[in-house]
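This note is meant for a colleague who is meeting the structure for the first time. Please keep the sequence and the model at hand while reading the points below.

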Amino acid sequence: FFFQAEDGIRDHCVTGVQTCALPIWLSGDSPLTEDEAIQLLRQALPTLSYLHSQFVIHGDISPSHLLLRSPDGALIFTHFGLLQEIAAQMGIETAETKLLNRVEQLSVIPSGAAQDLYALAVTALMLLTGKEPQDLFNRQTQSWDWENYRLLSDRLTDVINRMLSVNPTAPSPTADAILALLESAQPPPPTPPTTPLNLQNTPQI
C-alpha cells in the first residue's frame with residue numbers, strides 16, 4: 001500500500017534504485033525536518049486508516065519497514081508483523097526484534113490499531129532525532145523524553161503525544177482522528193484586506 005506525496009519527502013535514494021529504506025536518515029547529522037515529518041504522517045495515516053478499516057494491523061512499524069519509492073517519494077509499508085507470526089508458527093526464526101520490544105521495561109504497549117499509531121509516533125521521533133527508541137525512553141518515569149533531543153512546534157508535539165498516549169479508561173486514538181488533529185492544527189491562511197488601497201485618492205503631503 002502506498003500514497004503519493006504531494007510535497008514530497010527528501011529522497012536519499014541512489015539514482016536508478018526503485019525503493020530505499022528510511023533508516024538511511026538515522027545518521028544523526030541529517031534528521032528529518034518538521035515539515036518532512038508532517039508529510040510522512042500525512043502519507044502513513046491514510047494508509048493505516050484503510051488497513052484498520054479492513055481489520056488489518058501492521059503490527060511492526062519501524063523505520064526499516066517503511067520504504068520510499070523513487071522518484072515520486074511514495075511511502076510503502078513492508079514487513080507486516082502478521083508475516084513474522086506466521087513464520088514463527090512454521091518454525092522459521094527471524095533475527096529482527098520488533099521496535100517496541102527493543103525498549104526495555106516498557107511496561108504498557110497498546111494493542112491492535114493503537115499499537116500501529118504508537119509505533120508510528122516512535123518511528124517519527126527516531127527520524128526526527130536520529131536516536132534509537134531506547135535512548136528516547138525514560139525507564140524510571142515510564143515516559144518518552146524525546147523533547148530533550150528535539151524541540152518541535154506545539155502542533156506536532158500535540159499530535160505525537162496523542163499517538164503515544166496510553167489511557168485504559170479512554171478510547172484509543174484512530175488514524176483518522178490523528179490525521180484530523182494534524183490538519184486542524186495548521187495555521188489559517190492570511191486574510192486578505194477587505195478594502196483595497198486607492199492610492200490615486202491619497203492626499204499628497
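What covers the buried residues of α6? The points below begin with this matter.

1. The model is predicted: local features need pLDDT of at least 70 and side-chain atom pairs count only at pLDDT 80 or more, while totals for chains, interfaces and linings use all residues. Residues are numbered from 1 along each chain as its sequence is written, and side-chain values use heavy atoms, with hydrogens and water left out.

2. The cover over the buried residues of α6 includes α1 (34-53), α3 (113-129) and α5 (154-164). Helices (H or I, at least four residues) and strands (E, at least two) are DSSP runs, numbered from the N terminus. Buried means under 20% relative accessible area (1.4 Å probe, protein chains only).

3. In α6 (residues 175-184), the buried residues are A175, I178, L179 and L182. They lie on the same side of α6 because they cover an arc of only 100° around the axis, the arc being that of the directions from the helix axis to the C-beta atoms.

4. Leaving out residues up to four places away in sequence, L164 touches Y118, A121, V122, L125, W144 and W146. Contact means heavy atoms within 4.5 Å.

Methods
Buried means under 20% relative accessible area, exposed over 50%, partly exposed in between (1.4 Å probe, protein chains only).
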